[in-house]
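Here are some notes for a colleague who is meeting this structure for the first time. They are set out as numbered points, to be read with the sequence and the model in view.

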Amino acid sequence: MAASIFELSPDRTAGNVEVEDFRLVESLREGSERAYEELLTRFQQPVYALALRLLDDQGEACDVVQEVFLKVFRNIGRFRGQSTLKTWIYRITVNEAHNARRWFFRHRRAEVELDRTPEDARNLKEIIPDRSRSPFDAAFDREQHVMIEAALERINPIFREAVVLRDITDLAYEEIAEVLGVSLGTVKSRILRGREALREELTASLNAGLAPRLVPTTAE
């Protein structure tokens, strides 16, 4: 299993997920309101977290979430189960993030948000302190989390999305290849280059010797 930067993945077996997906998709096709609520409960926060890390803008990430679920609702009848429901939804999310990024660079790059602070762009709600550890350890972990988030913002978006999908979202290489629409070899290459770029950014912010322990060194 790959070393995850934040270790946020839930403990669910592949078999259980497949059964849940099949039941959920069938209920969605039947127009079940409860199924739509379940879909949002399962995927709204992960989709938002992925979009936020790809875009580094809370407003843009919220817009992407709305577009993603509109597309899911409209196209659920076309879902054929050739990939998992999660992979399909993440693929839509990455595509919508690409669209948002292109729109931003075309129309909003020259705008200046005078009231925005760096903290506004980071979603710290996902940081769950381990209460069995000392306050110092919890604060240190939180500091590392923020450093990694900030470093992710500075690396090439192509490499960032590969690293996020692997080390944070914890998708398998095959799933990432489906999400990004590239070969397995390209996925591994982007992850390696992304991790190296991330390490270089962290090295600039941390004392020598700390940064290499934060990011895996190989495409595991």
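1. Is Asp 170 buried, partly exposed or exposed? Please keep in mind throughout that the model is a predicted one. Asp 170 has a relative accessible area of 21%, and since buried means under 20% and exposed over 50%, Asp 170 counts as partly exposed.

2. The backbone of Asp 170 also deserves a look, for its phi is near 65°, a positive value in a residue that is not glycine. Most residues other than glycine have a negative phi. Asp 170 sits in the loop that runs between helix H6 (157–168) and helix H7 (173–180).

3. Asp 56 is placed in the loop between helix H2 (33–55) and helix H3 (58–75).

4. As for the overall architecture, the protein contains 8 helices and 0 strands, and its pattern along the sequence reads α-α-α-α-α-α-α-α. Where contacts join residues at least 6 apart in sequence, 66% of them link residues at least 24 apart.

5. Helix H8, which covers residues 184–205, has 22 residues, and the distance from its first C-alpha to its last is 32 Å, close to the 32 Å expected at 1.5 Å a residue. The buried residues of H8 include Val 187, Ile 191, Ala 197, Leu 198 and Leu 202, but also the arginines Arg 190, Arg 195 and Arg 199.

6. On the H6 side, the contact is made by Ile 158, Phe 159, Glu 161, Ala 162, Val 163, Arg 166 and Asp 167, which meet Arg 190, Ile 191, Arg 193, Gly 194, Arg 195 and Leu 198 in H8. By class, the residues of this contact between H6 and H8 comprise 6 nonpolar, 1 polar and 6 charged. Among the H8 residues in the contact, Arg 190, Ile 191, Gly 194, Arg 195 and Leu 198 are also listed as buried.

Conventions. Residues numbered from 1 in each chain as written. Predicted model: local features only at pLDDT ≥ 70, side-chain atom pairs only at ≥ 80, totals over all residues. Heavy atoms only, no water. Helix = DSSP H or I, 4+ residues; strand = E, 2+ residues; numbered from the N terminus. Contact = heavy atoms within 4.5 Å. Expected span 1.5 Å × (residues − 1). Buried < 20%, exposed > 50% of the residue type's maximum accessible area, 1.4 Å probe, protein only. Nonpolar A, V, L, I, M, F, W, Y, C, P; charged D, E, K, R; others polar.
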